[in-house]
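Please open the model in your viewer and keep the selection panel at hand. The stops below move from a whole chain to single residues.

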Amino acid sequence: MTALALDLDEAVVGRRQRTLLRRARFVGVPLAVALACLAMYLYVQSQDLDNIERRIITFANIRRAAGEQIEIALWATALTLVIAVPLGIALTRPWARRIAPIVIAVANIGQGIPAIGLLFFVYIQLVRSGSTATVLGMAIYAILPVLRGTMVGLQQVDRGVVKAARGMGMGKGEVLVRVEMPLAVPILLTGVRTALVLTVATAVLAAFIGGGTFGSLIISGQAQGRPLAVAVGSLGAASLAILADWVGGIVEDLLRPKGL
Amino acid sequence: MTVSSYLQRRWDVVLQLTLEHLIAVGIAVGFATVVGVLLAVAVYRNDRAVTVLLVVVNTLFTVPALAYFGALIVLVGLGWTSAITVLAIYALLPIVRNTVTGLREVDPAIVRAATGMGMSRFGRLTRVELPLAYPVILSGLRVATVLIVGIAAIGAYVAGPGLGELIFSGLGALGTARAIPEITIGTVAIVLVALVLDGLLALLGRFSTPRGLR
């Protein structure tokens, strides 16, 4: 199974295309999001809201939902990276050669795990707090793809380069830090971006277990038969996810070592 | 209640939901394959069009499922249609991406040779380029399938088909004996469905790819 790469477009299109793609994204994406939000704002303004709608659709609610979603996503991303990256490095060391394929196979299966089942399970069995359960659940969910990305990235580093560095008198640790890691940076960064996008997007599920986020606007709007609130929540959730991917893309471009 | 006693009592429901899950995923992947391959075929020669298509499909892919469901509740209402539409949207990215990759990776010399043999553009596409791209397209289909098997679980929120119903009903029954078995069975069954479909598509790839391309 190939990776759930969010960004293989760059492998598909050439270098010239990549620049084009980047530019189109850099300006186009936030512009489109801003326009959509503005349109929604004007539409809501033009509507006669009833009491319930006025209670759900407030700036305070929207700000809180966005804050909750971003906070959950950042914690989950941090947790994912702290666990997945060192583990990925450890598993690509020569002594772990036998375990590595097994871990990658498990990580592949992990893609089939439904986020929602995992989340409810963590909530019921481990922590009865919506937002903490979501952070944990999303971290578990995102660890597999990031771990896989880190391992594949490091394994992809040319063995010849590593041997050459060893021949120049570098120690194993030095080779890892000065040769292998920089060469694997693009793949690591894609992992960060994957984690960020995945967690921002799935964080909305927190609403099912009382963890807030834009999902809560969707769910309370639906429960009370107020489609307008559902639409506002949907747009908020979608905007955040799209912007997270956008930020991830920019970070990836900025941190990529020159020459790679 | 344990997982096994729950299964003993309600295996028929679990089986039916599993079938629903398979049907929904099958329809969504089928639909996405037709649309995705046609879109990819339409743009793959033009760099700019490829860029635009990939940005659009990629953006659609990042939007959370719940946001789509919210929007579709407003537009279409509850039911299978909403659930399957969303699944098809997610399946689009891997399929479009792989089809474009596969078509663009075909050796230009082969295409020129086909032209030289007097093949028309359509003939080149259907008899040379698409068959050569087939393994790549199929692997995109595989990724898409495994991916949406998991996402389909959320479809139960809009009264969609499949095993998600067990997971949500378990959450709704929080505190009762059936909560944990339902969530566990729903989740594990979905992983099994993903594994089985992944294996079947891998087999299909082995048997349907011409020997020279393996």
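Accessible areas here come from the Shrake-Rupley method with a 1.4 Å probe, and for residues only the protein chains shown count as cover. This is a predicted model, in which local features need pLDDT of at least 70 and side-chain atom pairs count only at pLDDT 80 or more, while totals for chains, interfaces and linings use all residues. Residues are numbered from 1 along each chain as its sequence is written, chains are lettered from A and ligands numbered from 1 in the order in which they are written, and side-chain values use heavy atoms, with hydrogens and water left out.

Select chain A first. Its exposed surface comes to about 12300 Å², of which carbon and sulfur atoms supply 67%. The C-alpha trace spans about 75 × 50 × 30 Å along its principal axes, and the chain holds eleven helices and zero strands, where helices (H or I, at least four residues) and strands (E, at least two) are DSSP runs numbered from the N terminus. Of the 260 residues of chain A, 52% count as buried; buried means under 20% relative accessible area, exposed over 50%, and partly exposed in between, with a 1.4 Å probe and protein chains only.

Next, select Leu31(A), Leu35(A), Leu38(A), Tyr41(A), Leu42(A) and Phe59(A), which form a nonpolar surface patch with about 640 Å² of accessible area together. Patches are made of residues with over 30% relative accessible area and no salt bridge, like charges being joined within 9 Å and nonpolar side chains (Val, Leu, Ile, Met, Phe, Trp, Tyr) within 5 Å; a salt bridge is a side-chain nitrogen of Lys or Arg within 4 Å of a carboxyl oxygen of Asp or Glu. Helix α2 of chain A (residues 15-46) gives the largest share of this patch, five residues. Leu38(A) is found in that helix and is partly exposed, with a relative accessible area of 46%.

Stay with the aromatic rings. Over all chains, a search of the whole structure finds nine aromatic pairs, where rings of Phe, Tyr and Trp (its six-membered ring) pair if their centres lie within 6.5 Å, and planes under 30 degrees apart count as stacked, over 60 as edge-to-face and the rest as tilted. The rings of Tyr41(A) and Phe59(A) have their centres 6.1 Å apart and their planes at 40°, so this pair is tilted. Because Tyr41(A) lies in helix α2 and Phe59(A) in helix α4 (residues 59-91) of chain A, the pair ties together parts 18 residues apart in sequence. Tyr41(A) is partly exposed at 39% relative accessibility, whereas Phe59(A) is exposed at 55%.

Now show both chains and select Phe120(A), Phe208(A), Tyr157(B) and Phe168(B), which ring pairs link into a cluster. Phe168(B) is also one of the buried residues of helix α7 (residues 164-172) of chain B, and the cover over these buried residues includes α6 (115-125) of chain A together with α1 (3-43) and α8 (179-208) of chain B.

Finish with the backbone: which phi value does Thr213(A) have? Although Thr213(A) is not a glycine, its phi is positive, about 70°. Thr213(A) sits in the loop between α9 (172-202) and α10 (214-223) of chain A, and counts as buried at 0% relative accessibility.

Conventions: Contact means heavy atoms within 4.5 Å.
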